[in-house]
Amino acid sequence: MIKKLKTVIVDDEPNAVEFIYSVIGDHCPELEVVGKAYNVTSGVKKIEEQKPDLVFLDVEMPNGTGFDLLSHFPEKEFDVVFITAFNHYAIKAIKFSAVDYILKPLNIEEFIAAVKKVLQKRSVSSTFGNENFKVLMENLKSPIPSRLAIPTADGMEYLNPKEIIRIEADRSYSWFFLAGSRKILVSKNLKEFQDLLSDRYFFRSHNSHLINLKYVRKFVRKEGGYIEMQDGEQIPISRNRKDLFLVHMSRFKG
Amino acid sequence: MLNAYVFMNSMIKTVLILLCLSATAASGTDRSLNVKRNSGAEGLISAATDTAWVNYYVRKGFFHLTKKSYNLEKVLAYIDTACLICEKEEFDFPPSLHLLRAEYFYETGDFSKSETDATLAVKKAEHEMDYLLQAKSLIFLGRYYHRTGFYQESIDQFAKSIQLAEEKNLKGIKQKAYAAEAEVYKSVNDLKAYSDNLRSMVNASLIEKDTLYAQAGLLKLGSLFTEDLRDFRLASSTLKECIRLSLARRDTYYIAFAMANTGWNFYRENMLDSSLFYYQQSLKYSSGKSANALGNMGTIYRDYGDYNRALKYYGKSLDIARSNHDWYSLSWVYKDMSDLYLSRKDTSEAFKSYVFYKQFNDSVSSQKSWLGLSEARIRYDADTHNKEIALLSLRLKNNRILNTGFTVLIIGLIVIGLLILRSSKLNEKRRISEMNHKISEITQANLRQQMNPHFIFNTLNSIQYYMYQHDTLATNNYLTKFSSLMRKVLDNSQHTSVPLRDELDALNLYLELECLRFKDKFEFSITVDDEIDPLMYKVPTMLIQPYVENSICHGLIPMERKGFVHIDLKLEKEHLVCIIEDNGIGREAANEIKKMRETNHNSLGTRITASRLELVNALYGTSLNTVYTDLKNEKGEAEGTRVEIQIPILT
């Protein structure tokens, strides 16, 4: 018989803890709940006592956040799935750092998928994505997250969005073109990065192109119009996005 | 009778008009700009550009903005061009450009952008050690907060700029900051602070020999001591100082105004001779065109019992006031005239004047919204008059053909001036109504910031839990409570005030839900004084709930034992008092927890609540506040928190 993953649930609301507990009991035979905690202090204690493999962690609690709890374990030896009701700021940072999270109210299918993902990750490597969490802590320090975690062929790469010249779609993959003429293939589609970077002066000039306005060298109207980037590449621009592009350009603050 | 402010207010307009004229004349030189701009937009690149160009455009932009010619399109064109160059040449926006943008957005009513740019201007100027610009930007930011009703923030900015000016020995900053700060205190009706600031403004400008600001400050102080903080000696010494300064500068506007104020100051002491003398002086310096001085002289003669002369002066005053559309003077002169007729038992004339008085008095309230314009108009009148004199003396030297030419020119000038005056008046009205609309929108957005989304989603999650447990009764109970609360909140948010009963119903539902969420972690009670009829008393919407939520989240939930929160409403003379008392961990411990948190970004909630109370005060002219008391037991250990909110009674 396979050893079950020891699991701890931390949430300030008893109902929320009980809910996760029942869902695990009904749908996740791979997990065994070994502890429930209702605030940061008792959460830290439970984790130290039980040494769990997986922690479900609420972000917003009245006497300290889930992030505060994690800061007690800089070299943690367990996986974490964040649970959050509403906090734009935290969600943005979590997404940027490629850390797992689930929204409240819980969607049971999503919950099961998140658990599956953890199980799968544990079967291929024994690391706990600690680097991602360090990046998360860093991203939380400023209102605009500064490091974007992207999964690559040989692991993770952490980029400052300022280094990205443009991103080009290649079916469900994306090519990152970086300053210093480096390029990386990433196994996520362009749409996801557009969501993350839309408020950072990135512009979707074409169905398969997301460009950083900072690196635009010129806009040429002739031959249907195209944009020349500072690395000399010519990027097509869709007809109906030309006006929008000019508007974005004029608002761009560098 | 005359209020000193109105005369002054009748004046700022002039600058406006003359500048409009100069702007039209200057428009010819701007063609180069348009060419430049087009070529920039075509290729998005113009090769030979650099910081000097950006600075040039920013300067031009400021020129059109600060001169209040209201040629905003031109300003925008300069901004766009400067931005394009910066982007293309890959250098950061200079702080001056940010400040220009901030002022532009402020003019167009785009407040959030204005704030962003102004903040950037402050930061960048500080970084580049351009302290003068930093100070200017701080003053702007202060004015911005003043306009948007964040008075405390506004004052903070001014204090910062004053401090900066001290440290770096900057010229021309302190008096402006004090002047603007004074206006904030005036808005909140804190006359003591208002006068202190005016005093500092005068001192600062005297040190820098900036007589223009010094006399402006003295004049305002003088008016204040004449009217609101009645002090005959202080008023007359302040005004005397102002007259001395403005005589040295031959600034007829200030001389006339200060003289008129002095006249009024004497009149209020019933010293008619002195009063009459000063009004005569004022009249002389305003070239005989002051409805205010003439009207007051009429009143003085009335008090002397010289009714014929009084009527003559009233007549003159009314003529000028009518041609200036000076409703305020028209209204009070008619009122005084009516009194005069009444004392002569000429009831029919008295009645006639009284009818006129009522009529113009009604217009005054509508006129108050563009007082700033009428102030400019008087200055305009004075200036055109000075011009006329200059032109007349020229005419003597020249031959007759030129004479007619000048006459035509003067008439032309006056006609154009009047036309522009008309249109600017309309513009101003529109701008003000747009501004008010924007402000009330911001207000509304603030007022609707009511239910914490965090609470909503967590509640939904709890409901889902019961559902999952097949506990249909609990699910149903929870869900219906939640929808009742949402319905109440939505209903209430339609209004800025609701009957106390509705407010308490929502609060009760909220508390019941929190109790369910946290499984009887605490108890609560709501008591209302018998004297209070909860249907009749209206209160600002959702003012209490955020305080209660604070109590629960920061006081009760972090606690080990069971807690309680009592809400008690009492009636006082002019307001309701809501007392929220809990036995939680106390504010000190809650702050400790906050400090311990690695990430702390939710101070927004309390800030919104505080500024809402400020807003309520501003809206209803009240001065209500919130008192926090830390409860302690005999051993001096924290035993909870009591918050007393004073709530205005609205009907």
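# Exercises on a predicted two-chain model

Strand β1 (residues 5-10) of chain A is joined to strand β3 (residues 54-58) of chain A by four bridges in the parallel sense. The model is predicted, and the exercises below refer to it.

## Exercise 1. The sheet of chain A

Determine the strand order of the open five-stranded sheet in chain A, and state which strands stand at the edges.

*Solution.* 
1. The order is β2-β1-β3-β4-β5 (chain A), and the pairing is parallel.
2. β2 (31-37) and β5 (101-103) of chain A each have a single partner strand, so one side of each is left without a neighbour in the sheet.
3. From one strand to the next, the twist averages 20 degrees.
4. Within the pairing of β1(A) and β3(A), V8(A) is located opposite V55(A).
5. Helix α4 (residues 88-96) of chain A packs on this sheet through β4 (79-84) and β5 of chain A, and its direction makes about 145 degrees with that of β5(A).
6. α5(A) lies across β1, β2, β3, β4 and β5 of chain A and runs at about 160 degrees to β4(A).

## Exercise 2. The sheet of chain B

Describe the open sheet of five strands in chain B, including the sense of its pairing.

*Solution.* 
1. The strands follow the order β2-β4-β5-β7-β6 (chain B), with mixed pairing.
2. The edges are β2 (522-528) and β6 (626-632) of chain B; each has a single partner strand, so one side of each lacks a neighbour in the sheet.
3. Direction ignored, neighbouring strands are turned by 15 degrees against each other on average.
4. β2(B) pairs with strand β4 (residues 563-571) of chain B in the parallel sense over seven bridges, and F524(B) has V565(B) as its bridge partner in β4(B).
5. Helix α25 (residues 545-556) of chain B packs on the sheet, touching β2, β4, β5, β6 and β7 (638-648) of chain B, at about 15 degrees to the direction of β5(B).
6. Strand β5 (residues 575-582) of chain B contains H575(B), which is buried at a relative accessible area of 15%.
7. Beyond four places in sequence, H575(B) touches K570(B), L624(B), Q646(B), I647(B), P648(B) and I649(B).

## Exercise 3. Helix α22 of chain B

*Solution.* 
1. A residue is buried under 20% relative accessible area.
2. The buried residues include H454(B), F455(B), Y465(B), Y466(B) and Y468(B).
3. Their cover includes α1 (14-27) and α5 (108-124) of chain A, together with α23 (472-492) and α24 (500-517) of chain B.
4. Ring pairs link Y465(B), Y466(B) and Y468(B) with F19(A) and Y478(B) into a cluster.
5. Just after the helix, H470(B) takes a positive phi of about 60 degrees.

## Exercise 4. The surroundings of L272(B)

Is L272(B) buried or exposed, and which residues are in contact with it?

*Solution.* 
1. L272(B) belongs to helix α15 (residues 272-285) of chain B.
2. Its relative accessibility is 12%, so L272(B) counts as buried.
3. Apart from neighbours within four places in sequence, L272(B) contacts Y267(B), I300(B), D303(B) and Y304(B).
4. Between L272(B) and Y304(B) the separation is 32 residues in sequence and 8.2 Å in space, C-alpha to C-alpha.

Notes:
Residues are numbered from 1 along each chain as its sequence is written. Chains are lettered from A and ligands numbered from 1 in the order in which they are written. This is a predicted model: local features need pLDDT of at least 70, side-chain atom pairs count only at pLDDT 80 or more; totals for chains, interfaces and linings use all residues. Side-chain values use heavy atoms; hydrogens and water are left out. Buried means under 20% relative accessible area, exposed over 50%, partly exposed in between (1.4 Å probe, protein chains only). Helices (H or I, at least four residues) and strands (E, at least two) are DSSP runs, numbered from the N terminus. Contact means heavy atoms within 4.5 Å. Two strands pair if DSSP finds at least two bridges between them. Axes are lines fitted to C-alpha atoms, for helices over the stretch in contact, and angles run from 0 to 180 degrees between N-to-C directions. Rings of Phe, Tyr and Trp (its six-membered ring) pair if their centres lie within 6.5 Å; planes under 30 degrees apart count as stacked, over 60 as edge-to-face and the rest as tilted.
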